[in-house]
Amino acid sequence: MRRVSNQTARKIALAAQGFTDPRPSGGRVMAAHLRRVLNRIGMLQLDSVNVLIRSHYLPLFSRLGAYSTQLLDDYAYKRRNLFEYWGHAACLIPVERFHLFRHRMEKDTDWGIQQFANERGDYVGRVLEEVRNHGPIPVGDLSEGTERGGSWWGWGQGKIALEHLFHQGRVTASGRTAFTRYYDLTERVIPPQHYNEPPASEPEARRELLLLAARHLGLGTASDIADYYRLSILPSRATLKELVSEGSLERVEVKGWKEPAFLHPEARIPRRISANALLSPFDSLVWERDRVERLFNFRYRIEIYTPAPKRIYGYYVLPFLMGDAIVARVDLKADRKSSTLLVRASHSEPDTDKEAIAAALSTELQSMASWLNLASINISPTGDLAPQLQSI
């Protein structure tokens, strides 16, 4: 079995995730650049938190620099290149992979939502008919059941019914306005050549999704690779063994890792990594926290749902990648009223060069503020990196 160092594994991972691809010359980002990033990372995770900007916009900024968010909206919804479904979590996924998720639509749904559908099948049917007759439609325009309830995140009956139909693949997102999802019949949203493609069986889909995940990661353990598309680990281990036997993946040992890793044949080992990037808390590079800790010696947890007194680094903390290391983290907020990017806390990692980090991070913060149309940056004194940032 081939053995690779952790530093080599880190470079492979960063290259696989697009951090060695050049940013567009002149800063002119086009649809082809979005396509290149999606080919690298596979999905963009959606999240409702909007303290900075919606999370699915950030991975493109991290890899391409400033771009028009309208470009992504049009690419996804107007041009029908992406569809919404459960990939790693709620994600935007390339539409040509729609057939790989049909088996989930046939059987995968939240137990509580399924229970509601079993008890209120007649109501769910009326909601589907209303979408058929009036879609695309937001939940607020349904004729009944739009009032918020006390369960399922406060959803009303209409939202629960629509989410059940969404899980089943009978309706999907036709578009969004200010993050409000507009539902329509799936066959009216997914282009015919993809909607009519025969669904992959569960074993076929598992095989293809594991190969995709391995390519997105470059290399990873069985758990890393299975987690990317949220696949069950036991059947995934068996499929990975088959992929190794047929030569589609290579089993390797990474120094310091307890489990063997699987290397994709397209994985590249760049000589150096020169990226500087602020990473969304929901960036695919940092989805699997154990892998992040193994690769970067960086312990990362999202503290959004942690009570404020118990937070260590802040509410919406973005890791900062410099070269091939994650060297700092910053708690950011876009204060639209004052047109200010608030750096509410900034912390460096142990044994790092604070002056060099601050210089590189300051440039990225300025780029982000400009991208978000914010006129100024305010650096809070919280954190050991704050003095260096404030002095720039």
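Which helix gives the largest share of the lining of the largest cavity? In this predicted model, that share, amounting to 3 residues, is contributed by helix α12, which spans residues 222–228. The residues that line the largest cavity are H88, L217, D224, D227, Y228, S284, L285, W287, E288 and R291. When this lining is sorted by class, 4 of its residues are nonpolar, 2 are polar and 4 are charged. Spaces of this kind can be located in a simple way, since rolling a probe the size of a water molecule over the atoms shows where empty space is left.

The largest pocket has a volume of about 700 Å³, and its lining is made up of 24 residues, among which S48, W86, A90, W155 and E163 lie nearest the centre of the pocket. Two elements, α8 (157–167) and β6 (180–185), each give two or more residues to this lining. The division by class shows 14 nonpolar residues in the lining of the largest pocket, together with 4 polar and 6 charged ones.

The packing of helices was considered next. Two packed helices are described by the angle between their axes and the distance between the axes. For helix α2 (residues 31–41) and helix α4 (residues 69–78), the angle is about 70° and the axes are 10 Å apart; an angle between 65 and 115 degrees counts as roughly perpendicular, and α2 and α4 are therefore roughly perpendicular to each other. On the side of α2 the contact is made by A31, L34 and R35, and these meet L71, L72 and Y75 of α4. Of the residues in this contact, 5 are nonpolar and 1 is charged, while no polar residue takes part.

A second pair is formed by helix α11 (residues 202–217) and helix α13 (residues 233–245), whose axes come within 10 Å and cross at roughly 70°, so that α11 and α13 are likewise roughly perpendicular to each other. Here R206, R207, L210 and L211 of α11 are in contact with P235, S236, T239, L240 and L243 of α13. The contact of α11 with α13 comprises 5 nonpolar, 2 polar and 2 charged residues.

By class, 5 of the residues in the contact of α1 with α14 are nonpolar, 1 is polar and 3 are charged.

Charged pairs were then searched for. Side chains of opposite charge can pair when their charged atoms come close, and a search of the whole structure finds 23 salt bridges. One of them joins D283 to R63, with 2.8 Å between the closest N and O atoms. This pair links distant parts of the chain, 220 residues apart, since D283 lies in the loop between β10 (276–278) and α14 (289–296), whereas R63 belongs to helix α3 (residues 58–64).

Most residues other than glycine have a negative phi, and most peptide bonds are trans. Against this background, a cis peptide bond joins G135 and P136, with omega at about 0°, and P136 is placed in the loop between α7 (121–134) and α8. A178, a residue other than glycine, has a positive phi, near 50°, and A178 is found in the loop between β5 (171–177) and β6.

Methods
Residues numbered from 1 in each chain as written. Predicted model: local features only at pLDDT ≥ 70, side-chain atom pairs only at ≥ 80, totals over all residues. Heavy atoms only, no water. 1 Å grid on protein atoms, 1.4 Å probe; cavity = no way out; pocket = protein on both sides within 12 Å on 5 of 7 lines; lining within 4 Å. Points joined across faces, edges and corners; volume = space filled by probe spheres on them. Helix = DSSP H or I, 4+ residues; strand = E, 2+ residues; numbered from the N terminus. Nonpolar A, V, L, I, M, F, W, Y, C, P; charged D, E, K, R; others polar. Axes fitted to C-alpha atoms, helices over the stretch in contact; angles between N-to-C directions. Parallel < 35°, antiparallel > 145°, perpendicular 65-115°, else oblique. Contact = heavy atoms within 4.5 Å. Salt bridge = Lys/Arg side-chain N within 4 Å of Asp/Glu carboxyl O.
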